[in-house]
Amino acid sequence: MTLFRTYSYARTPRPYQVNKPNFAFVRPRSRALSTTVTQQLPTSTARLKNFVIGTVSIVLGVTFLEYYFDSRAAIHKYFITPVLRTVTDAETSHKFAIWVAKWGFCAKDRLPDDEKLAVRAWGKKLSNPVGLAAGFDKHGEAIDSLFDLGFGYVEIGSVTPEPQPGNPQPRMFRLHDDKAVINRYGFNSVGHKGVELRLRDRLRRYLYHSAKLHPKITASLLASSPDGASLSDALGINRSLKDDKLLGINLGKNKSSDPESVDDYVKGVKSLGPYADVLVVNVSSPNTPGLRGLQRKDIFEKLLNEVIIARNSLSGPHPALLVKIAPDLSDDELDDIADAAMKSGVDGIIVSNTTISRPNSLYSDSSLVSETGGLSGPPVKPLALRALRKIYQRTNGELTLVGCGGISDAKDALEYARAGATLVQLYTSLAYDGVGKAREIKDGILSELKDKKWTDVVGEQWKK
């Protein structure tokens, strides 16, 4: 008995547990272990709950993505765009929009275009007449995403021969009360070579991804390095790489170049012409010193003759050649522009660029209104329409005109069409109303047209 007590006491620190030396500690520890194991193995109810939560989360996530990537979603116009305007300055917002579009995070117009919107320009069919003006995608970074927004025509640039940073910041200002913008970017550009490399890479990606769909795409064609015209023209496709859509490239000139020289535009035609359905000679930006002087009759005629010669020297089908003019020209100057364009054989005129004037109708703060630069948005519309009507009358409707300036809705677009515009372009309203703008305008046009077609109303004002 003494031995037993000594032995038991040696193994257990508590004397009152001597009669249960093996179970006093084992059972509680066993019970704790059992509890832990039970918690790690979910019951059927817990598994069902986790399944429901996971499924609902996935469905909601997919639904939101479907909603977000639809350009008609109200979130773009009434939430995302207003938030960007609130938390960022104008140029930062612009750069962010390009970044989103460049990496494919942009919404898409998922509806096919109604045949009543179809129009022919420069010998090619466009599925709709609504285009994006130059100035948004200056460096050709987001072309495919911009076409996906539903535009029938996308114009990139302006592009200068040599890279240049443009004017110092700040250089872009929002006039919120007028839904307008003043900018003095000053042709910031990565240069011809930078844009050409992007266009070439875009074309080659298209060819590799489409090799199974195009029997004409051979290994030798892919292995060779012809220019863009040879590759796209060999397949019989638009240089936009989109059915019934056209790509325009807007050409500018370097700030350091001789103000009266036309060489920069000739270089642009030769370098970027092979990648464009349409080339645009921009002589109307107010932010490059001396540029608008190229609209003077004698220099303008020389400019058009030189770029026409350069365009005609290109191999393969020639891109259409347009000139973009300012809305601030007098009636006599507009007559000179129209006469020179008709004489040279240029394919069309874009009317118009931004204005250096400040209409009395502006509501915005005077400190912003006084900023140097070109004004765009609704305040430009009366000036651009006046110029468009004058050009149309002077050319007797024989020249393809593109209306641009202050187009915010379908009624604006149709007003330009009735005045003689075959196509229309927008930019500022996209910045204010979001990525659904093209679809919104197209739907509005269809509603206004009723039983007519877009082509029925082009120049309608002069047919009465």
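## Pocket, cavities and a helix in a predicted model

The largest pocket holds about 520 Å³ of space. The model is predicted.

Student: Which element gives the largest share of the lining of the largest pocket?

Tutor: The lining of the largest pocket has 28 residues, and Thr81, Leu84, Ser93, Ala97 and Val435 lie nearest its centre. Elements that supply at least two lining residues each are α4 (74-87), α5 (90-102), β5 (172-175) and α16. The largest share, seven residues, comes from α5.

Student: How many residues of the lining of the largest pocket are nonpolar?

Tutor: By class, this lining has five polar and two charged residues. The nonpolar residues number 21.

Student: How many cavities of 30 Å³ or more are there, and what is the volume of the largest cavity?

Tutor: The count comes to two cavities of 30 Å³ or more. The space in the largest cavity is about 510 Å³.

Student: Which element gives the largest share of the lining of the largest cavity?

Tutor: In all, 36 residues line the largest cavity, and those nearest its centre are Ala134, Asn183, Asn353, Thr354 and Tyr427. Two or more lining residues come from each of β4 (153-159), β6 (180-183), β13 (423-426) and α16 (428-433). The largest share is three residues, and the element that gives it is α16.

Student: How many residues of the lining of the largest cavity are polar?

Tutor: This lining includes 14 nonpolar residues and two charged ones. The polar residues number 20.

Student: Which element gives the largest share of the lining of the second largest cavity?

Tutor: The second largest cavity has a volume of about 70 Å³. Its lining has 10 residues, with Leu199, Arg202, Leu203, Arg239 and Tyr275 nearest the centre. At least two lining residues come from each of α7 (191-209) and α9 (228-235). The largest share, three residues, comes from α7.

Student: Why does the end-to-end distance of α17 agree with its number of residues, and what is that distance?

Tutor: Helix α17 has 13 residues (437-449), and at 1.5 Å a residue they should span 18 Å. The end C-alpha atoms agree with this, because they are 18 Å apart.

Student: What covers the buried residues of α17?

Tutor: Among the buried residues of α17 are Lys437, Ile441, Leu446 and Leu449. Their cover includes β3 (130-132), α15 (410-419), β13, α16 and α18 (454-457).

Student: Which residue follows α17?

Tutor: The residue after α17 has a positive phi, near 60°. That residue is Lys450.

Methods: Residues numbered from 1 in each chain as written. Predicted model: local features only at pLDDT ≥ 70, side-chain atom pairs only at ≥ 80, totals over all residues. Heavy atoms only, no water. 1 Å grid on protein atoms, 1.4 Å probe; cavity = no way out; pocket = protein on both sides within 12 Å on 5 of 7 lines; lining within 4 Å. Points joined across faces, edges and corners; volume = space filled by probe spheres on them. Helix = DSSP H or I, 4+ residues; strand = E, 2+ residues; numbered from the N terminus. Nonpolar A, V, L, I, M, F, W, Y, C, P; charged D, E, K, R; others polar. Expected span 1.5 Å × (residues − 1). Buried < 20%, exposed > 50% of the residue type's maximum accessible area, 1.4 Å probe, protein only. Contact = heavy atoms within 4.5 Å.
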